[in-house]
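I opened the notebook to look up the ligand site, the metal site and a few single residues. My entries are below, in the order I made them.

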Amino acid sequence: MPESTGKSGARVWRGRGVHRKQDAPERLAADAARLAWLGEQGLPCPEVVSLTHDTLTTTTVPGRPATELDPAVRPRALASLAEVLRALHALPTAGCPFDASLGTTVAAARSRAVHGLVDLEDLDDERRGWSARRLLAELDATLPAREDLVVCHGDPGLPNVLFSADGEVTGLLDVGGLGVADRCRDLAIAHRSTRDRLGTAAAQELLERCGASDRDRDLLPFYRLLDEFF
Ligand SMILES: Nc1ncnc2c1ncn2[C@@H]1O[C@H](COP(=O)(O)OP(=O)(O)OP(=O)(O)O)[C@@H](O)[C@H]1O
Ligand SMILES: [Mg+2]
């Protein structure tokens, strides 16, 4: 039995000291290239052990997701997550070979909508029942005029971050969407995931520790909308 089956259909198996992920070759290659790059930047993540056409093997990161920690440790865990995100967002964008800015991601969103690849059964509550056409129209209508570009993780929801028992981040997982994008892309995902799993106060605390500005907070809905396409 796989340890987890992701919403994209990726299957993850746990071995001795390693995790194996099975997915489409291009998705595994994207994940592997980004893991290697992120590790070189000194940020905590699994090491790539091997990559074949259908399996990515990485070292197992010790630790647990925030939801499984002792509640007394959660404030430290949120602070540690914010520190890691800030360190990631402070990396020079010129040194990052992966692009995830709006030019790329909105084109990909449009293509997924046109090809019927958007999972309309899995929309956020505020968009329940929307068609792909309506999602696209809203995306076009609310497209931000400018981007505050940083290196983003791409999917820093709580299941994709592991922590030690004392609440320090041990590793960032699932980095296939890592690339240069507006920092609100990460803030939106991290905030929504924390809100849904640990509550509104914890999510606000995370935003504050990440140093979110008023402008950042205003853009969270747009980046939540963008995430609906993937
Ligand atoms: N190297 C690793 N070390 C420890 N745990 C891991 C590792 N890789 C994966 N896991 C565990 O497996 C889960 C799923 O892995 P991952 O997040 O990479 O894939 P996914 O969410 O299924 O993929 P996708 O979102 O692309 O469909 C993680 O949340 C984590 O619990
Ligand atoms: Mg994941």
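**Entry 1: ligand 1.** I am working with a predicted model. I began with the shell. Around ligand 1 I find 20 residues, and Ser8, Thr59, Val61, Pro159 and Asp174 come nearest. By class, the shell divides into seven nonpolar, eight polar and five charged residues.

Next I looked up polar contacts to oxygen atoms of ligand 1. Lysine 21 places a polar side-chain atom 2.9 Å from one such oxygen atom. Aspartate 174 also has a polar side-chain atom 2.9 Å from an oxygen atom of the ligand. With proline 159 the contact comes from the backbone: an N or O atom there lies 2.9 Å from an oxygen atom of ligand 1. I then checked cover. Ligand 1 exposes 620 Å² when taken alone, and the protein buries 83% of that. Strand E3 (18–22) and strand E5 (55–59) are the elements that give two or more residues to the shell.

Where does ligand 1 lie relative to domain 1 and domain 2? I noted that domain 1 (4–59) and domain 2 (66–227) both contribute shell residues, so ligand 1 lies between them.

**Entry 2: the magnesium ion.** I looked up the protein donors of ligand 2. They are Asn160, through OD1, and Asp174, through OD, at 2.1 to 2.2 Å from the ion.

Aspartate 174 comes out at 32% and is partly exposed.

**Entry 3: histidine 153.** I stayed in the loop between E6 and E7, where histidine 153 is found. Its relative accessibility is 0%, so it counts as buried. I looked for partners of its side chain. A polar atom of the histidine 153 side chain lies 2.9 Å from the backbone nitrogen of aspartate 155. The backbone oxygen of leucine 173 lies 2.8 Å from a polar atom of that side chain.

**Entry 4: alanine 90.** My last stop was the loop between helix H2 (74–89) and helix H3 (102–114), which holds alanine 90. Alanine 90 is exposed, because its relative accessible area is 62%.

Conventions. Residues numbered from 1 in each chain as written. Chains lettered and ligands numbered in written order. Predicted model: local features only at pLDDT ≥ 70, side-chain atom pairs only at ≥ 80, totals over all residues. Heavy atoms only, no water. Near = heavy atom within 4 Å. Polar contact = N/O pair within 3.5 Å; in protein donor to acceptor, adjacent residues only side chain to side chain. Areas by Shrake-Rupley, 256 points an atom, 1.4 Å probe, with all protein chains shown as cover. Helix = DSSP H or I, 4+ residues; strand = E, 2+ residues; numbered from the N terminus. Nonpolar A, V, L, I, M, F, W, Y, C, P; charged D, E, K, R; others polar. Domains from an automatic or database assignment. Donors = N, O, S within 2.8 Å, 3.2 Å for Na, K, Ca; no water. Buried < 20%, exposed > 50% of the residue type's maximum accessible area, 1.4 Å probe, protein only.
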